[in-house]
Amino acid sequence: METLGQYIRKHRELLRQSDRSYSLRQVAERVGIKPTYLSKIERDDLAPPSEETLKKLAHELELDADVLLAMAGKVSADLRQIICSRPELFSALLRELKSVPDQAVLKIVREVTDGDW
Amino acid sequence: MVILERDSLCFRFPEIHPSATLTVTFMRTLRVPDDGSTYPLPAGIDTFPMRHIEDYKDTVPVDWLNRGGVLLPMYQSEALWINFSSSYPMALKIAAGKVNAITGKGWSNELGDAPQNYVVVPTQPWLDGFKTSDDSVNQFVAVPLGHGAATAEEQVTGSAEFGGIQIIAFPLKREIYDREKAEELEFLEMPMFSRRECSESVPASMGLGLGGKIKQKIYEDDRAISDWETTGSRCFVHLVNSQAWQFITSEPVPHPPIPKYEYVRHGIPWFELYDDGASSVQGSETLSKLKTTSAFAATKPNDNMPIDIASTIVVNPNSIVKDGDY
């Protein structure tokens, strides 16, 4: 299974093939961390970085922040807040949906309404 | 089905294919000068927020609720472009005030190929305005609905009834997709470098008028119209002015659009899509006859002063990015 570091490095290198500004050094600068730190993250030498850094990395590398957070074993603060606001309801809901296929989960997602126009 | 996910509209067709998902995002951008020049593509500064309209039953008019959809705030004279993202081919009709942005014709729920009244994603990654000529568009610019007839809707239909933006998406038929995959036909992929982000009592509705010219093609569909599904998913995007947004949603007024001098001062880039001479849908005769918004309202002296474009970033569909002269 692909690790967080491997996943980040793979996507950064993919972007770098067409845009040199995705070098380790330049990405680290834009995210606001040291290149050596990013290098260690990519090699999985350190524990995953903070939620804020992961979100910045996701934004910079055009990745889904929730996916990166999940790979780091974290849940974003907004999701935590949602669950903690109604813990019994959302805990039960998530457990209930644990094994439900994607297509069925999508059916309970709130749709944008379409009316008469 | 259409879902609102983090200020993007996601059109999902899981019954057709697991990857048949299209994401549509509305990008804040610089309003290019309406000075007769044709400008390259301005960068996306930020994404516009959107909210489910039915969450604000007490503060929006009933006819808006009846149309459903989402709310999006814009300042008067603010410009936007529309960003499309999908790896599964989709045909997409876009209208402003129910006037088709490609043909200038009235709204219908079907695709048409004479003339082509839709864009094909992922071939077409962006749409910046109304298709007024073969190789350029006039930028989408927000103007109040029913005040001076500056919207495309009012100029074409003579009425100010709908405003907003309307979108309907149709996925490619599954059998066509599978056949193309089997033939290993290479779809153009989305560029990696996608124009980076570098007190009223009655809500004020906004429509879209025509701003300055931007170089942009609408690519001809190289498939047959029968290759597309005939049942689509659609969405009405209500445009409200920023004060009305605060009144309706109780959220802060969005930050104002980026002024020209800030765009230049920060060296925010301009873009051009490299397409290797791909053919474009012809410009709409109806739309080409419309007046731009500067013909309707007094503009500040600096509003339409030309911008000197030193260079553009050429975005290749195969993700090769290089600097170019403009």
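This is a predicted model: local features need pLDDT of at least 70, side-chain atom pairs count only at pLDDT 80 or more; totals for chains, interfaces and linings use all residues.
Chain A contains 8 helices and 0 strands, and the order of elements along its sequence reads α-α-α-α-α-α-α-α. The radius of gyration of chain A is 18 Å, well over the 13 Å that the globule rule gives for 117 residues, and chain A is therefore more spread out than a compact globule. The C-alpha trace of chain A spans about 50 × 40 × 25 Å along its principal axes. Of the 117 residues in chain A, 16% are buried. Among the contacts in chain A with a separation of 6 or more, 43% are between residues 24 or more positions apart.

The domain assignment divides chain A into domain 1, covering residues 4-71, and domain 2, covering residues 77-108. The centres of domain 1 and domain 2 of chain A, taken over C-alpha atoms, are separated by 28 Å. Leu89(A) belongs to helix α7 of chain A, which comprises residues 87-97. Because the number of other C-beta atoms within 10 Å of Leu89(A) is 10, and 12 or fewer counts as exposed, this leucine is classed as exposed. Leu89(A) and Ala72(A) are 17 residues apart in sequence, and their C-alpha atoms are 25 Å apart in space.

Two packed helices are described by the angle between their axes and the distance between the axes. For helix α2 (residues 24-31) and helix α3 (residues 35-42) of chain A, the axes come within 8 Å and cross at roughly 105°. Since angles of 65 to 115 degrees count as roughly perpendicular, α2(A) is roughly perpendicular to α3(A). The contact is formed by Leu24(A), Arg25(A), Val27(A) and Ala28(A) in α2(A), which meet Pro35(A), Tyr37(A), Leu38(A) and Ser39(A) in α3(A). The residues of this contact of α2(A) with α3(A) comprise 6 nonpolar, 1 polar and 1 charged.

The contact between the two chains involves 13 residues from chain A and 23 residues from chain B. On the side of chain B that touches chain A, the elements giving two or more residues are β1 (2-5), β2 (8-12), α1 (62-67) and β18 (233-241) of chain B. The residues on this side of chain B divide into 14 nonpolar, 5 polar and 4 charged. Leu4(B), which is found in strand β1 of chain B, touches Val112(A) and, within chain B, touches Leu9(B), Met50(B), His52(B) and Val70(B), residues up to four places away in sequence not being counted.

Most residues other than glycine have a negative phi, and most peptide bonds are trans. In chain B, a cis peptide bond joins Ala114(B) and Pro115(B), with an omega of about 0°, and Pro115(B) lies in the loop between β11 (99-100) and β12 (119-121) of chain B. A cis peptide bond also joins Val121(B) and Pro122(B), where omega is about 15°; Pro122(B) is found in the loop between β12 and β13 (126-127) of chain B.

A positive phi occurs at Asp44(A), where the angle is about 60° although the residue is not a glycine. Asp44(A) is found in the loop between α3 and α4 (51-60) of chain A, and this aspartate is partly exposed, with 14 other C-beta atoms within 10 Å. In chain B, Ser250(B) likewise has a positive phi, of about 65°, although it is not a glycine. Ser250(B) is placed in the loop between α4 (242-249) and α5 (260-265) of chain B, and this serine is exposed, with 9 other C-beta atoms within 10 Å.

Key: Residues are numbered from 1 along each chain as its sequence is written. Chains are lettered from A and ligands numbered from 1 in the order in which they are written. Helices (H or I, at least four residues) and strands (E, at least two) are DSSP runs, numbered from the N terminus. The radius of gyration is taken over C-alpha atoms; the globule rule is 2.2 Å times the number of residues to the power 0.38. A residue is buried if 20 or more other C-beta atoms lie within 10 Å of its own, exposed if 12 or fewer, and partly exposed in between; C-beta atoms are placed from the backbone. Two residues are in contact if their C-beta atoms, placed from the backbone, lie within 7 Å. Ala, Val, Leu, Ile, Met, Phe, Trp, Tyr, Cys and Pro count as nonpolar, Asp, Glu, Lys and Arg as charged, and the others, Gly among them, as polar. Domain bounds come from an automatic or database domain assignment. Axes are lines fitted to C-alpha atoms, for helices over the stretch in contact, and angles run from 0 to 180 degrees between N-to-C directions. Angles under 35 degrees count as roughly parallel, over 145 as roughly antiparallel, 65 to 115 as roughly perpendicular and the rest as oblique.
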